[in-house]
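Please read them with the structure open.

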Amino acid sequence: TNKKTYTGNDAGGTFAEMTGPALASDIVTQLTFRNKWFGTNGSDKIQISTDSLTRVAIVEVGTDRRGRVLAAHDGRLWVMGDPNNEAQAYYSNVLDETNFPAGNLLYLNFSAGEQVLGAVRIGLPSQGSDRFGGLVILTNVAAYIVLGVGSTSDPYYVQPLGDVGLVSVVS
(Lines give C-alpha, C1' and ligand atoms only; values in the text may rest on other atoms or scores of the structure.)
Protein backbone atom coordinates (compact mmCIF):
# COMPACT_ATOMS: atom_id res chain seq x y z
CA THR A 1 0.00 0.00 0.00
CA ASN A 2 1.23 3.49 -0.72
CA LYS A 3 -0.62 5.41 2.02
CA LYS A 4 -1.13 8.36 -0.35
CA THR A 5 -4.14 10.43 -1.29
CA TYR A 6 -4.45 12.22 -4.62
CA THR A 7 -6.72 15.13 -5.45
CA GLY A 8 -7.69 16.73 -8.74
CA ASN A 9 -6.16 20.17 -8.80
CA ASP A 10 -7.26 21.58 -12.15
CA ALA A 11 -9.98 21.38 -14.79
CA GLY A 12 -7.70 19.31 -17.04
CA GLY A 13 -7.85 16.24 -14.81
CA THR A 14 -4.34 16.50 -13.38
CA PHE A 15 -3.91 14.86 -10.00
CA ALA A 16 -1.55 15.90 -7.23
CA GLU A 17 -0.51 13.99 -4.14
CA MET A 18 -1.90 15.41 -0.92
CA THR A 19 1.07 15.58 1.42
CA GLY A 20 1.11 15.24 5.18
CA PRO A 21 2.43 13.23 8.10
CA ALA A 22 3.19 9.51 7.72
CA LEU A 23 0.21 7.27 8.46
CA ALA A 24 0.05 3.75 9.89
CA SER A 25 -2.22 2.61 7.04
CA ASP A 26 -4.12 3.87 4.00
CA ILE A 27 -6.99 6.36 4.23
CA VAL A 28 -10.14 4.22 3.93
CA THR A 29 -12.85 6.88 4.18
CA GLN A 30 -12.80 10.46 2.99
CA LEU A 31 -15.39 13.20 2.62
CA THR A 32 -15.76 16.90 2.06
CA PHE A 33 -17.67 18.83 4.70
CA ARG A 34 -17.88 22.61 5.03
CA ASN A 35 -15.27 23.10 2.27
CA LYS A 36 -12.73 20.93 4.08
CA TRP A 37 -11.42 17.45 3.20
CA PHE A 38 -11.46 14.82 5.95
CA GLY A 39 -9.88 11.37 5.81
CA THR A 40 -9.45 8.48 8.22
CA ASN A 41 -7.87 5.06 8.39
CA GLY A 42 -9.28 4.10 11.79
CA SER A 43 -6.03 4.08 13.73
CA ASP A 44 -4.43 7.50 13.20
CA LYS A 45 -6.05 10.80 14.16
CA ILE A 46 -8.56 12.07 11.60
CA GLN A 47 -6.81 14.01 8.82
CA ILE A 48 -8.03 17.40 7.58
CA SER A 49 -7.13 19.59 4.60
CA THR A 50 -8.33 23.10 3.86
CA ASP A 51 -6.39 23.49 0.59
CA SER A 52 -6.59 19.96 -0.96
CA LEU A 53 -2.78 19.89 -1.12
CA THR A 54 -1.68 19.26 2.45
CA ARG A 55 -3.31 17.27 5.23
CA VAL A 56 -2.68 17.38 8.96
CA ALA A 57 -4.03 15.55 11.98
CA ILE A 58 -7.19 17.23 13.18
CA VAL A 59 -6.74 19.27 16.35
CA GLU A 60 -9.71 18.11 18.35
CA VAL A 61 -11.34 20.00 21.16
CA GLY A 62 -12.71 17.60 23.74
CA THR A 63 -12.24 13.87 23.27
CA ASP A 64 -9.95 12.21 20.68
CA ARG A 65 -12.21 10.31 18.26
CA ARG A 66 -10.98 7.70 15.79
CA GLY A 67 -12.81 5.38 13.41
CA ARG A 68 -12.80 3.89 9.91
CA VAL A 69 -16.00 5.62 8.72
CA LEU A 70 -16.85 9.32 8.43
CA ALA A 71 -20.17 10.93 7.57
CA ALA A 72 -21.65 14.42 7.51
CA HIS A 73 -25.14 14.59 8.99
CA ASP A 74 -27.21 17.27 10.69
CA GLY A 75 -24.41 19.86 10.47
CA ARG A 76 -22.00 17.55 12.31
CA LEU A 77 -19.02 15.32 11.49
CA TRP A 78 -19.75 11.71 12.52
CA VAL A 79 -17.05 9.12 13.27
CA MET A 80 -17.82 5.39 13.41
CA GLY A 81 -15.90 2.13 13.39
CA ASP A 82 -13.65 2.82 16.38
CA PRO A 83 -11.42 -0.28 16.59
CA ASN A 84 -11.63 -0.08 20.40
CA ASN A 85 -15.41 0.35 20.52
CA GLU A 86 -17.32 -0.64 17.36
CA ALA A 87 -20.67 -0.07 19.07
CA GLN A 88 -20.25 3.70 19.45
CA ALA A 89 -20.82 6.51 16.97
CA TYR A 90 -19.29 9.88 17.82
CA TYR A 91 -20.48 13.26 16.55
CA SER A 92 -19.07 16.78 16.67
CA ASN A 93 -20.85 19.90 17.78
CA VAL A 94 -23.02 21.58 15.14
CA LEU A 95 -20.87 23.31 12.48
CA ASP A 96 -17.75 22.67 14.59
CA GLU A 97 -16.18 19.53 13.14
CA THR A 98 -13.20 19.61 15.53
CA ASN A 99 -15.20 19.70 18.78
CA PHE A 100 -16.16 16.23 20.07
CA PRO A 101 -17.46 16.63 23.64
CA ALA A 102 -17.37 13.43 25.72
CA GLY A 103 -21.18 13.23 25.74
CA ASN A 104 -21.58 13.40 21.95
CA LEU A 105 -21.85 9.68 21.30
CA LEU A 106 -24.46 7.06 20.50
CA TYR A 107 -24.43 3.47 21.62
CA LEU A 108 -25.41 1.30 18.64
CA ASN A 109 -26.29 -1.94 20.49
CA PHE A 110 -24.31 -4.17 18.12
CA SER A 111 -24.24 -7.94 18.28
CA ALA A 112 -20.93 -9.78 18.82
CA GLY A 113 -18.62 -9.34 15.82
CA GLU A 114 -20.70 -6.58 14.21
CA GLN A 115 -18.63 -3.88 12.46
CA VAL A 116 -19.51 -0.61 10.74
CA LEU A 117 -18.93 -0.80 6.98
CA GLY A 118 -20.30 2.58 5.93
CA ALA A 119 -22.77 5.38 6.55
CA VAL A 120 -24.87 7.58 4.29
CA ARG A 121 -27.20 10.52 4.85
CA ILE A 122 -30.63 9.96 3.33
CA GLY A 123 -33.42 12.45 2.74
CA LEU A 124 -33.29 16.20 2.45
CA PRO A 125 -30.57 18.12 4.28
CA SER A 126 -32.27 19.95 7.10
CA GLN A 127 -30.08 20.56 10.13
CA GLY A 128 -32.17 20.43 13.27
CA SER A 129 -35.00 18.21 11.99
CA ASP A 130 -35.26 14.46 11.39
CA ARG A 131 -38.58 14.82 9.55
CA PHE A 132 -36.65 14.91 6.30
CA GLY A 133 -34.21 12.03 6.70
CA GLY A 134 -31.56 10.43 8.82
CA LEU A 135 -28.15 8.82 8.87
CA VAL A 136 -28.11 5.17 7.78
CA ILE A 137 -25.31 3.08 9.30
CA LEU A 138 -24.51 -0.17 7.51
CA THR A 139 -22.74 -3.03 9.26
CA ASN A 140 -21.73 -6.55 8.26
CA VAL A 141 -24.91 -7.79 9.98
CA ALA A 142 -27.64 -5.13 9.81
CA ALA A 143 -28.58 -1.55 8.95
CA TYR A 144 -29.61 1.18 11.37
CA ILE A 145 -30.97 4.71 11.04
CA VAL A 146 -30.08 7.60 13.34
CA LEU A 147 -32.98 9.99 13.95
CA GLY A 148 -33.59 12.95 16.25
CA VAL A 149 -31.99 16.39 16.26
CA GLY A 150 -29.31 15.94 18.91
CA SER A 151 -30.80 18.41 21.37
CA THR A 152 -31.66 17.94 25.05
CA SER A 153 -35.36 17.89 24.20
CA ASP A 154 -34.92 15.63 21.13
CA PRO A 155 -31.74 13.54 21.47
CA TYR A 156 -30.44 11.30 18.71
CA TYR A 157 -31.69 7.73 18.77
CA VAL A 158 -31.05 4.62 16.70
CA GLN A 159 -33.64 2.37 15.03
CA PRO A 160 -32.74 -0.95 13.37
CA LEU A 161 -33.73 -1.22 9.71
CA GLY A 162 -33.19 -4.96 9.44
CA ASP A 163 -30.66 -7.63 8.62
CA VAL A 164 -28.36 -6.99 5.67
CA GLY A 165 -30.12 -9.81 3.81
CA LEU A 166 -33.33 -7.78 3.99
CA VAL A 167 -31.87 -4.36 3.21
CA SER A 168 -30.51 -3.25 -0.15
CA VAL A 169 -28.68 0.00 -0.77
CA VAL A 170 -28.56 1.76 -4.11
CA SER A 171 -26.02 4.50 -4.68
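1. Start with Arg-66 and Asp-64. Their side chains meet in a salt bridge at 2.9 Å, N to O. The term salt bridge means a side-chain nitrogen of Lys or Arg within 4 Å of a carboxyl oxygen of Asp or Glu. Arg-66 is partly exposed, at 27% relative accessible area. Asp-64 is partly exposed as well, at 36%. The cut-offs are these: buried is under 20% relative accessible area, exposed is over 50%, and partly exposed lies in between (1.4 Å probe, protein chains only).

2. A word on the source. This is a predicted model, in which local features need pLDDT of at least 70 and side-chain atom pairs count only at pLDDT 80 or more, while totals for chains, interfaces and linings use all residues. Residues are numbered from 1 along each chain as its sequence is written, and side-chain values use heavy atoms, with hydrogens and water left out.

3. Which residues join Arg-66 and Asp-64 in a network of salt bridges? Lys-45 and Glu-60 do. The side chains of Lys-45 and Glu-60 meet in a salt bridge of their own, at 3.2 Å, N to O. This pair links distant parts of the chain, 15 residues apart. Lys-45 sits in the loop between β4 and β5 (47-49), and Glu-60 in the loop between β6 (56-57) and β7 (61-62). Strands here are DSSP runs (E, at least two residues), numbered from the N terminus. Lys-45 is partly exposed at 26%, whereas Glu-60 counts as buried at 14%.

4. How many salt bridges does the structure hold? The count is six. One of them joins the side chains of Glu-97 and Arg-34, at 2.8 Å, N to O. The two residues are 63 apart in the chain. Glu-97 lies in the loop between β10 (88-91) and β11 (99-100), and Arg-34 in the loop between β3 (29-33) and β4 (36-40). Is Glu-97 buried or exposed? Glu-97 is buried, because its relative accessibility is 4%. Arg-34 is partly exposed at 39%.

5. Now the sheets. Strands β3-β4-β5-β6 form an open sheet of four, in that order, with antiparallel pairing. Two strands pair if DSSP finds at least two bridges between them. The edge strands are β3 and β6, each pairing on one side only. Within this sheet, β4 and β5 pair over three bridges in the antiparallel sense. Gly-39 stands opposite Gln-47 in β5.

6. Look at Thr-29 in strand β3. Thr-29 is buried, with 16% relative accessible area. Its side chain reaches the backbone oxygen of Arg-68 at 2.5 Å. Thr-29 also touches other residues (contact means heavy atoms within 4.5 Å). Leaving out residues up to four places away in sequence, these include Phe-38, Gly-39, Val-69 and Leu-70.

7. A second open sheet has four strands in the order β8-β9-β10-β12, also with antiparallel pairing. Which strands stand at its edges? They are β8 (69-73) and β12 (105-107). Each has a single partner strand, so one side of each is left without a neighbour in the sheet. Inside the sheet, β9 (residues 76-80) and β10 pair over two antiparallel bridges. Val-79 stands opposite Tyr-90 in β10.

Terms used: A polar contact is a pair of N or O atoms within 3.5 Å; within protein, one must be able to donate a hydrogen and the other to accept it, and residues adjacent in sequence count only if both atoms are side-chain atoms.
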